[in-house]
Amino acid sequence: MGLQPLEFSDCYLDSPWFRERVRAHEAELERTNKFIKELLKDGKNLIAATKNLSAAQRKFAHSLRDFKFEFIGDAETDDERYIDASLHEFSNFLKNLEEQREILALSVTETLIKPLERFRKEQLGAIKEEKKKFDKETEKNYSLLEKHLNLSAKKKELQLQEADNQVEQNRKHFYELSLEYVCKLQEIQERKKFECVEPVLSFFQGLFTFYHQGYELAKDFNHYKMALQINIQNTRNRFEGTRSEVEELMNKIRRNPQEHKRANHFTMEGYLYVQEKRPAPFGSSWVKHYCTYRKESKKFSMIPFEHRSGGKAGDEELFILTYCTKRNTDTIDRRFCFDLEALDRPGVPVTMQAFSEEDRKLWMEALDGKEAVRAQLDKIGFTVIKKCISAVETRGINDQGLYRVVGVSSKVQRLLSLLMDAKTCNEIDLENSVDWEVKTITSAMKQYLRSLPEPLMTYELHGEFIIPAKSGSPESRVNAVHFLVHKLPEKNKEMLEMLVKHLANVSKHAKRNLMTVANLGVVFGPTLMRPQEETVAAIMDLKFQNIVIEILIENHEKIFQTLPDATFPEPISMSASPPNAPPRQSRRQGQRSKRPLAVYNLCLELDDADGHSSLREDTPTGSTDSLSSQSPTPAFPSSPPGLLDGNHLILDSGDLAGWPTHLPGQSRSSMVSWMNIPSANPAAANTVPSAFFFSNPAAGGDKAVESIAHRKARAVYPCEAEHSSELSFQTGAIFEDVQFSREPGWLEGTLNGKRGLIPQNYVQFL
């Protein structure tokens, strides 16, 4: 049921039921006011959203209008032209549509927002003011009535009559105001229906008009749409037909890219990394360039380009090519490299790196590049060395740091290529030409020797050359090296003789060139000798290679101009020993007369034929003193009290303190450490064993070997037993109750409860 009508007669009664009906009408008008207020808010939001949509649509239309498709080739088909123009048509359609939308937004403001706001302010706002007056008069009327009724009956009649007239007039005014208020309430209740709905109807009329305009635009657009669909379908069909052909061509090129290389005016083109040299502390860097080459004009151009940064990193560089040669990995620590030389920069090659070996071959073929010549001990090789030696002795025998100062690798490689080419070798005059520096010539000679298939002193004899450098007297070392040199192949020996003779001549000018025998050993040790396998042990043997070269230089006349002693024993092979271990002493009966290697560990030779030999310490590599030379040392001032005879050496703790424990040039501590006993200083005298025996069984094999009972020793090398009487052990094993054996160079000891023989030079006493 709706609101009850307000009767005018009820205004005079002003009953509670009348007041309740008035409040119901007032509540309904308040609800209507809130509804209109919310509707106005939503309408304004709708207008704002419409404007935002219109702006977005216009921006979208501008984007369509501003874009244009690019086509492949030199012309477009009709279909492609129509498709390209379609974006402009779409833009125009949206533009027309948005013009209608702007009209809609304006109509919403005029037909919906303003009428509702006017009704709310003028009608609903007016009734609120009437309600305030009605409430105020109600309060005034009933307050005056209560005051009048409270008058005393004893008042004068005139006063009471005036009071009655005033109350009556106030009541009439209240009734008139009440009648007007009730009339206004019912009037607005009826007006709100058409005052609210009519603006909404106008809004929908504008909205339908907008959609009708869109419909009309769509009808106009329909014909263009149908034609465009046909253009798109035709283009799609042509694409499907072309794609299969493109994929087939792509697969052909993928299978063999070179056969389908696109014809152009470049003989070769592609990416290469170019070495850019920097000042010494910064080394060099490799920068990617796109390079092109024209064979007919020999023009080579390169443009730095870095894909990750998305563009060129510099300007194009152009030069005339004069020379191209392949670089091997033994001359540069990178693969796939080759050198180019420009006409305007002679002698300053540019090193480049291809992406693969196949890529390098293609570049070398296009550039007419030359392969790096492999060194061989042939006629050309001997000619190269002779030319280099002659040039060095003519032009640079007194140059400081000769053979130590290296040349530019690219120049060295080019010189070596020219020398090893039979066509150009004879044309190179190293003695009189200033084009080639002495350091370039010396580096080329060293590079040739390092490039040989195997080192000049061969892999086979490498280990045998190292053995005498590690132990023995100077004379025995020279004899051993002398013997081994004559085991070299004839060409190797001939080349080595020519080279060592030259190095001896270089060392004679050491006061000027500073290249002593030791320095030459450092330079040519790794050049003339190297092991077949690179191991830690081989690295540790580098210093002994230097010693071998020193021996060759200092004794070159004897070694190369005389034959070795036919009775000289062949050196022991190291193949059966661990990589870092010294050779084990053989226990065969035929070798028992040899001196045990333990004697060398003492650095004292007890052989009657040699007498007292000198003690030596290895000179550090690179010093000015030869590692192979030993200054002769006078015999002991007097035999120590513990020296019994030539067969046994007995050192007693009481005798050792008073006996000189060092020779001229050797420290006391080093002498004692070589003897494998504690230092004989007074503070440690109580740690020295009471007696320490070294036996020379070669002089008296049946004599008893005295030793210290329960002495311990530690293995410094691993060993695999070759006989049931020997012990097998690893590095670090601890032996108990170690004694000297009757076998030369062997000890007896206990390991893990088993007793057996131990190679003496494999352990160290604790």
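**Strand pairing and helix packing in a predicted model**

In strand β12, Leu747 is the bridge partner of Phe740. The structure is a predicted model, in which local features need pLDDT of at least 70 and side-chain atom pairs count only at pLDDT 80 or more, while totals for chains, interfaces and linings use all residues. Residues are numbered from 1 along each chain as its sequence is written, and side-chain values use heavy atoms, with hydrogens and water left out. Helices (H or I, at least four residues) and strands (E, at least two) are DSSP runs, numbered from the N terminus. Two strands are said to pair if DSSP finds at least two bridges between them.

Strand β12 (residues 746-751) belongs to an open sheet of 5 strands, with the order β13-β12-β11-β10-β14 and antiparallel pairing. The edges are formed by β13 (754-759) and β14 (763-765); each has a single partner strand, so one side of each is left without a neighbour in the sheet. On average, neighbouring strands of this sheet are turned by 40° against each other, direction ignored. Strands of a sheet pair through backbone hydrogen bonds, either parallel or antiparallel.

Strand β11 (residues 734-740) is joined to β12 by 3 bridges, and the two run antiparallel. They form a hairpin with 5 residues between them, and Gly745 in the turn has a positive phi of about 80°. On its other pairing, β12 is antiparallel to β13 over 6 bridges, with Leu747 standing opposite Ile758 in β13. This hairpin has 2 residues between its strands, and Asn752 in the turn has a positive phi of about 55°. Of the 6 residues of β12, 5 are buried (buried means under 20% relative accessible area, exposed over 50%, partly exposed in between, with a 1.4 Å probe and protein chains only).

Strand β5 (residues 317-326) pairs with two other strands. It is joined by 4 bridges to strand β3 (residues 299-306), antiparallel, and Met302 has Glu317 in β5 as its bridge partner. A further 5 bridges join β5 to strand β6 (residues 337-342), also antiparallel, where Tyr323 stands opposite Glu341 in β6. Thr325 also lies in β5 and counts as buried, at 2% relative accessibility. Contact means heavy atoms within 4.5 Å. Leaving aside neighbours within four places in sequence, Thr325 is in contact with Phe338, Asp339, Met364, Lys370 and Ser417.

Two helix pairs were examined by their axes, which are lines fitted to C-alpha atoms over the stretch in contact, with angles from 0 to 180 degrees between N-to-C directions. Angles under 35 degrees count as roughly parallel, over 145 as roughly antiparallel, 65 to 115 as roughly perpendicular and the rest as oblique. Helix α6 (residues 379-395) and helix α11 (residues 490-508) pack at about 5°, with axes 11 Å apart; α6 and α11 are therefore roughly parallel to each other. Residues of α6 in this contact include Phe382, Ile385 and Ile389, and those of α11 include Met495, Met498 and Leu499. By class, the contact has 7 nonpolar, 3 polar and 4 charged residues (Ala, Val, Leu, Ile, Met, Phe, Trp, Tyr, Cys and Pro count as nonpolar, Asp, Glu, Lys and Arg as charged, and the others, Gly among them, as polar).

The axes of helix α9 (residues 462-470) and helix α15 (residues 542-554) come within 9 Å and cross at roughly 85°, which makes α9 roughly perpendicular to α15. Here His462, Phe465, Ile466, Ala469 and Lys470 in α9 meet Phe544, Gln545, Ile547 and Val548 in α15. This contact has 6 nonpolar, 2 polar and 1 charged residues.

Most residues other than glycine have a negative phi. Lys298, in the loop between β2 (284-294) and β3, has a positive phi near 60° and is partly exposed, with a relative accessible area of 35%.

Confidence is given by pLDDT, the predictor's confidence in each residue, from 0 to 100. The chain has a mean pLDDT of 78, and 78% of its residues reach 70 or more. Confidence is lowest in helix α17 (residues 598-601), at a mean of 30, and highest in α11, at 95. Over residues 629-709 the pLDDT is below 50. Where pLDDT is low, the predicted coordinates should not be read in detail.
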